[in-house]
Amino acid sequence: MKTPKAMVLRQQLQHFMTLYRNKLGLNKFTAHKFELKHLQVCLKSLDPIFHDYTIIQLTDIHLGQWITPNHLKGIIELVNQEKPDLIALTGDYVSYLIDQYEADLTNCLKNLNPLDASLAVLGNHDHWLGAKKMRSILKNSGVIDISNEVYTIHRENTCLHVVGLDSVMLNKDQLDNVINKIPVEGPAILIVHEPDFADISSSTGRFSLQLSGHSHGGQFIIPFWNNTIIKGPYFKKYPLGKYKVGDMIQYTSRGLGTNVFWFRINCPPEITIIKLKSAEYEDES
Ligand SMILES: [Fe+2]
């Protein structure tokens, strides 16, 4: 299949930016440029055994477009230092080039070292560049692709479900299908690339928390207001941070990389560290 002209132009732009970045010496990883964002979420039906369960969310890596393999290596070292129980990857691993970054992406993701598992779904860019290829990269990295699937974590006689939905923007999501796969007992957390899906997911009443990316936080956060006016398809309503949608918490990460230009004003790249809290435990304390 012939690559569309717009894609070729964007690929050339990405090549040009790589050269420019290398020339300026921006390849080096500097930890303080990446914010470790701490978030606590109390889940009503979470068994106390899962109190303080730690999930680290990484999203919108867009590897090769400002985030270099060196950066990603450094990010993963920061993640491992936090000793997470679970890692949630919410899509857009690449921008406009995939073959050139396959080995680097695989080698970096392989180093993720959570207690339970690294779980992933795909974003729009992953589908544009080849979902089959991206799924094979994830598999070779030891990351479990849970697009339209359920992953259950067990502790003694209780459990916690992480549900993955494939890209909503590309109409790959199968909510009706996947919701039937969730066992009746135990709270469920949804990971899906596009944040505005929260209106639909919360209306099911089955999810306590949704984790998304896609927006890059708008890439421009207005000081003192702590919000953004830059919105786009599927991140118009929930572009940045924490929201209460019905009975569900929606969290939209600012993500790591950017699309096209490195334009981030008051909106640093983010590694999100989510600590789950059991309501039962919190009530006693
Ligand atoms: Fe996206």
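Leaving aside neighbours within four places in sequence, which residues is Leu 112 in contact with? They are Ile 76, Val 79, Ile 87 and Ser 118. Two residues are in contact if their C-beta atoms, placed from the backbone, lie within 7 Å. The structure is a predicted model, in which local features need pLDDT of at least 70 and side-chain atom pairs count only at pLDDT 80 or more, while totals for chains, interfaces and linings use all residues. Residues are numbered from 1 along each chain as its sequence is written.

Leu 112 sits in the loop between helix 3 and strand 4. Helices (H or I, at least four residues) and strands (E, at least two) are DSSP runs, numbered from the N terminus. Leu 112 has 19 C-beta neighbours inside 10 Å, so it counts as partly exposed. A residue is buried if 20 or more other C-beta atoms lie within 10 Å of its own, exposed if 12 or fewer, and partly exposed in between; these C-beta atoms are placed from the backbone. Glu 102 lies 10 residues from Leu 112 along the chain, and their C-alpha atoms are separated by 16 Å.

Helix 2 covers residues 69-81. Its 13 residues should span 18 Å at 1.5 Å a residue, and its end C-alpha atoms are 19 Å apart, which agrees. The expected span is 1.5 Å times one less than the number of residues. His 71, Leu 72, Ile 75, Ile 76 and Val 79 are buried in helix 2. They cover an arc of only 135 degrees around the axis, which puts them on the same side of helix 2. The arc is that of the directions from the helix axis to the C-beta atoms. Exposed Glu 77 and Gln 81 are carried on the face turned away from the buried side of helix 2. The buried residues of helix 2 pack against strand 2 (54-58), strand 3 (86-89), helix 3 and strand 12 (270-278). Lys 83 follows helix 2 and has a positive phi, near 50 degrees.

Helix 4 (residues 124-140) spans only 21 Å between its end C-alpha atoms, whereas a straight helix of 17 residues would span 24 Å at 1.5 Å a residue. Helix 4 has a kink of about 110 degrees, centred on Gly 130. The bend at a residue is the angle between axes fitted to the seven residues ending there and the seven starting there. In helix 4, the buried residues are His 125, Asp 126, His 127, Met 134, Ile 137 and Leu 138. These buried residues pack against helix 3 (102-109), strand 4 (117-120) and strand 5 (144-145). Just after helix 4, Gly 142 has a positive phi of about 80 degrees.

Six strands form an open sheet in the order 6-7-8-9-11-10, with mixed pairing. Two strands pair if DSSP finds at least two bridges between them. Strand 6 (149-155) and strand 10 (241-245) stand at the edges with a single partner strand each, so one side of each is left without a neighbour in the sheet. Strand 9 (residues 207-212) and strand 11 (residues 248-252) run parallel and are joined by four bridges. Leu 209 has Ile 249 in strand 11 as its bridge partner.

Ser 208 is also placed in strand 9. It counts as buried because it has 22 C-beta neighbours inside 10 Å. Leaving aside neighbours within four places in sequence, Ser 208 is in contact with Leu 43, Lys 44, Pro 187, Ala 188, Ile 189, Met 248 and Ile 249.
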